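This report describes selected local features of a protein model and the surroundings of its ligands. The sequence and structure are shown first.

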Amino acid sequence: MLVAADKFKGSLTAVQVAERVTAGLRRVVPGVEVTSLPVADGGDGTVDAAVAAGFERREVTVAGPLGDEVSAAFALRGDTAVVEMAEASGLQRLPDGVLAPLSASTYGSGELLRAALDAGARTIVFGVGGSATTDGGAGMLSALGARFLDADGQPVPPGGGGLVELASADLSGLDPRLGAVELVLASDVDNPLTGPKGAPAVYGPQKGASPDDVQALDEALAHFAKILEGAPGPTGAAGPGGPTGAGDARGGGDTALLGARAAECAVSPGAGAAGGIGYGALLIGARFRPGIDVMLDVLGFAAALENAELVITGEGSLDEQTLHGKAPAGVAAAARAAGKEVVAVCGRLALPPEALGRAGIRRAYPLTGVEPDVATCIADAGPILERVAEKIARDFLV
Ligand SMILES: Nc1ncnc2c1ncn2[C@@H]1O[C@H](COP(=O)(O)OP(=O)(O)OP(=O)(O)O)[C@@H](O)[C@H]1O
Ligand SMILES: O=C(O)[C@H](O)CO
């Protein structure tokens, strides 16, 4: 039996989900062998999942979304680092939870990447999602040595809103170590940077952006990308590979302009992830992969799967979004490909059985199936999840 579920956002961490499910299963079948592999899709909880799988947690003080100091962690094992942008620039890092769609910056995420480089990382899994920001990764790039100036030669204000003032950009001062690392953009979504499916339009509102803000941010990010097309690229022999990850020399040399590659990055899948930090990451050579697929590799899912007959996955809300590359869909696809049976636990279930079936999930067990009151399900999630797991044990193990 393998428990590979994401967190129930707002009620249980992924580690707690695994603990509660295990406790419920063992109440019905005391000796049952259960392997726990908490999972995440690149968004918040990604460092926790890596740590649960044996990575070392490294704490660093970096800038939060509004520039105040926050304590953030990345995970390290050997020369592989897992950096989660939400640790520095996530919604949960906003002081008092007050949304700041125009001014929130990813500067602290760049500081986290720098800390991973300082720690000797040669491969960096950059998990993105759950962000408070819509700055196209400008803050992150600044922390790594890029310069973004207004018409008076002054740094533009932090956040996506400030990018309308951008007159010139220069990436030639980027940390040269970036040229020598493998950077993987582990993204929860595959949106482009701008336009109707872009970061401001689709994810701006959840960060507090009004319709006017969305429009302003969309224009600001388009302007940002346009300026970058004419900007000096990173120096160093191993120039970034662009969205395909195929390393080449186009970005090398401080006189080389980013040009067509910057334009290509803006429309590449994942550019619009986490307020466009995906774009910034692609620009410095990151290779895009769906976050859950990257994390299953990092966490050693294939090995954990070998001895399991049944896989229990899940997340807080099994809904339409789940089908678009969220953790349970990724777990189910990988488990089904290996011929394993998959069921899911969740707080609330908003998918019909056919949709679950298409995702490879045989049956879903919502907490609301044993406790109809949603508020109680959230407040008392742990014990209720144990009862749900008892049900799974009775259905599949006895
Ligand atoms: N114990 C619970 N009982 C009932 N519903 C819950 C419970 N815990 C979470 N939820 C529901 O699930 C939602 C959170 O969904 P979920 O955990 O899938 O995260 P998400 O918002 O999809 O983000 P992510 O991409 O990080 O997974 C909550 O807003 C709530 O509606
Ligand atoms: O952070 C965000 O904007 C969403 O999670 C999509 O990446």
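## Basis of the report

The model is predicted, and local features are described only where pLDDT is at least 70. For side-chain atom pairs, the requirement is pLDDT 80 or more.

## The site of ligand 1

Ligand 1 is surrounded by 16 residues. Lys7, Lys9, Ser11, Lys326 and Cys377 are the closest of these. By residue class, the shell around ligand 1 consists of 7 charged, 5 nonpolar and 4 polar residues. Three elements, β11 (310-318), β12 (341-349) and α15 (374-379), each contribute at least two residues to this shell. The largest share is that of β11, with 3 residues.

Several polar contacts involve oxygen atoms of ligand 1. In the side chain of Lys326, an N or O atom is 2.5 Å from an oxygen atom of the ligand. For Lys7, a polar side-chain atom is found 2.9 Å from an oxygen atom of ligand 1. Ser317 takes part through its backbone, where a polar atom is 3.1 Å from a ligand oxygen. Considered alone, ligand 1 exposes 630 Å², of which the protein buries 80%.

## The site of ligand 2

Which residues surround ligand 2? They are Gly129, Gly130, Ser131, Asp188, Val189, Tyr203, Gln206, Lys207, Ala273, Ala274 and Gly275.

Ala274, one of the residues around ligand 2, is located in the loop between α8 and α9. Its phi is positive, at about 45°, although the residue is not a glycine. Is Ala274 buried or exposed? Its relative accessible area is 6%, so Ala274 is buried.

Asp96 also has a positive phi without being a glycine, with a value near 55°. This residue belongs to the loop between α3 (85-89) and α4 (107-118). Because the relative accessible area of Asp96 is 80%, this residue is classed as exposed.

## Helix α8 and its cover

Helix α8 spans residues 259-266. Its buried residues are Gly259, Arg261, Ala262, Cys265 and Ala266. The cover over these buried residues includes two other helices, α7 (211-229) and α9 (277-283).

## Gly285

Gly285 lies in the loop between α9 and β10 (287-290). Why is Gly285 counted as buried? Its relative accessibility is 18%, and the cut-off for a buried residue is under 20%. In sequence, Gly285 and Leu258 are 27 residues apart. In space, their C-alpha atoms are separated by 12 Å.

Definitions and conventions. Residues are numbered from 1 along each chain as its sequence is written. Chains are lettered from A and ligands numbered from 1 in the order in which they are written. Side-chain values use heavy atoms; hydrogens and water are left out. Buried means under 20% relative accessible area, exposed over 50%, partly exposed in between (1.4 Å probe, protein chains only). Helices (H or I, at least four residues) and strands (E, at least two) are DSSP runs, numbered from the N terminus. Contact means heavy atoms within 4.5 Å. A residue is near a molecule or strand if one of its heavy atoms lies within 4 Å of it. A polar contact is a pair of N or O atoms within 3.5 Å; within protein, one must be able to donate a hydrogen and the other to accept it, and residues adjacent in sequence count only if both atoms are side-chain atoms. Accessible areas come from the Shrake-Rupley method with a 1.4 Å probe; for residues, only the protein chains shown count as cover. Ala, Val, Leu, Ile, Met, Phe, Trp, Tyr, Cys and Pro count as nonpolar, Asp, Glu, Lys and Arg as charged, and the others, Gly among them, as polar.
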